[in-house]
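This report describes selected features of one protein model.

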Amino acid sequence: MEGLMKGKRGLVMGVANDHSIAWGIAKQLSAHGAEMAFTYQGEAFGRRVKPLAEKVNASLVLPCDVEDSASIASVFETLGSEWGGIDFIVHAIGFSDKNELKGLYANTTRENFVRTMVISCYSFTEVARHAAGLMKEGGSMITLTYAGSTRVMPNYNVMGVAKAGLEASVRYLADDYGPRGIRVNAISAGPVRTLAGAGIADARHMFSYQQRNSPLRRTVTIDEVGGSALYLLSDLSSGVTGEIHYVDSGYHIVSMPTLEELKQ
Ligand code: NAD
């Protein structure tokens, strides 16, 4: 099946390099005919993102720091003036001070709690509000979350709290915008080796534990996350909104490994 995104235009936020989950998504969307705009956070990332944007013919490549409301507004002003409207957005953005992605959650500082919430949770709501203004014919939005939102994962700490807020935002936004034909969903990805993922203490242990203990006995690739994003952003999922869709080799359904597996 080809061309699922033909005639659709949208914004992809969160490509940092070719390991980024957003890059896996952008490749799938491009293969299915989407026209995309990319954002990047600061010029250092910009230098890496621009050649990737060229590979998938992204026609607009714009700076955006989601800590700054004016920066978000400016992206959507440009999209409005260049394209008039959009059909989809991908929000693949998260940040927390890596010094607090280890040890006890209880030690999270007020400053980092607020910053993590603004970047990793609130930015999706702010982006969604602007995007909805440009979705006159309906549309589809996705964000990226992790199972540390509902279960305690070692060292994920304040990011887990932010992801819980992000998942609740998905449900509220889905209800806000559903009457206008705009769908809002999240993909809960299993661990992937990325820049953001490397900030979590003992990330390798988390990775190999899930590799051994998920039903598929492996972790997922960014291309697989991209395939699920393609489904959620295309008309294939036209009846789906407010959903947290797990792409994690089934890890979230497992309670505990067998005795044999523990001995391995
Ligand atoms: P990544 O490092 O490739 O992407 C993170 C992106 O967030 C980068 O592009 C970075 O520039 C952007 N970002 C951070 N602060 C920003 C700011 N202030 N303004 C604008 N952009 C900002 O890592 P990734 O793993 O691809 O992360 C993408 C999303 O996927 C994140 O929300 C992450 O929490 C989520 N996720 C990751 C994993 C994993 O194991 N890697 C698993 C589940 C969910």
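## The annotated tyrosines

Tyr146 counts as buried because it has 26 C-beta neighbours inside 10 Å, and 20 or more are enough for that class. The model in which this is computed is a predicted one. Tyr146 lies in the loop that runs between β5 (139-145) and α5 (157-177). Leaving out residues up to four places away in sequence, Tyr146 touches Lys163, Ser188 and Ala189.

Why is Tyr156 counted as buried? Tyr156 is placed in this class because 24 C-beta neighbours lie inside 10 Å. Tyr156 is likewise found in the loop between β5 and α5. With residues up to four places away in sequence set aside, Tyr156 touches Leu101, Gly148 and Ile200. An unreviewed UniProt entry places the feature "active site" at Tyr146 and Tyr156.

Thr108 is located in the loop between β4 (88-91) and α4 (110-133). Apart from neighbours within four places in sequence, Thr108 is in contact with Glu100, Phe113, Asn157 and Val158. Between Thr108 and Ala131 there are 23 residues in sequence and, from C-alpha to C-alpha, 32 Å in space.

| Residue | Other C-beta atoms, 10 Å | Class |
|---|---|---|
| Tyr146 | 26 C-beta neighbours inside 10 Å | buried |
| Tyr156 | 24 C-beta neighbours inside 10 Å | buried |

## The surroundings of the ligand

How many residues surround the ligand? There are 27 of them, and the closest are Ser20, Gly94, Leu195, Ala196 and Gly197. By class, this shell comprises 18 nonpolar, seven polar and two charged residues. At least two residues of the shell come from each of α1 (21-31), β5 and α6 (195-198). The largest share, three residues, is supplied by α6.

## The strands

Strand β6 (residues 182-189) is mostly covered, with eight of its eight residues buried. Ile182, Val184, Ala186 and Ser188 point one way from β6, while Arg183, Asn185, Ile187 and Ala189 point the other way, and all are buried. Two of these residues, Ser188 and Ala189, are also among the contacts of Tyr146. β6 pairs with β5 in the parallel sense, over seven bridges. Within this pairing, Met141 has Val184 of β6 as its bridge partner.

Strand β1 (residues 9-13) is also mostly covered, and five of its five residues are buried. One side of β1 carries Arg9, Leu11 and Met13 and the other carries Gly10 and Val12, and all of these are buried. β1 pairs with strand β2 (residues 35-40) in the parallel sense over five bridges. The partner of Arg9 in β2 is Glu35.

## The nonpolar core

In soluble globular proteins, nonpolar side chains tend to be buried together. Which residues have the most contacts inside the largest nonpolar core? They are Val12 and Val15, and the core has 72 residues. The largest share of this core, nine residues, comes from α5. Val12 belongs to β1, where its side of the strand is buried. Val15 touches Ser20, Ala22, Trp23, Ala26, Phe38, Tyr40, Val49 and Leu52, not counting residues up to four places away in sequence. One of these contacts, Ser20, is also listed among the residues closest to the ligand.

Technical notes. Residues numbered from 1 in each chain as written. Predicted model: local features only at pLDDT ≥ 70, side-chain atom pairs only at ≥ 80, totals over all residues. UniProt positions renumbered as here; feature names shortened; annotations may be inferred. Helix = DSSP H or I, 4+ residues; strand = E, 2+ residues; numbered from the N terminus. Buried ≥ 20, exposed ≤ 12 C-beta atoms within 10 Å, placed from the backbone. Contact = placed C-beta atoms within 7 Å. Near = placed C-beta within 6 Å. Nonpolar A, V, L, I, M, F, W, Y, C, P; charged D, E, K, R; others polar. Core = buried A, V, L, I, M, F, W, Y, C linked by C-beta atoms within 7 Å. Pairing = 2+ DSSP bridges.
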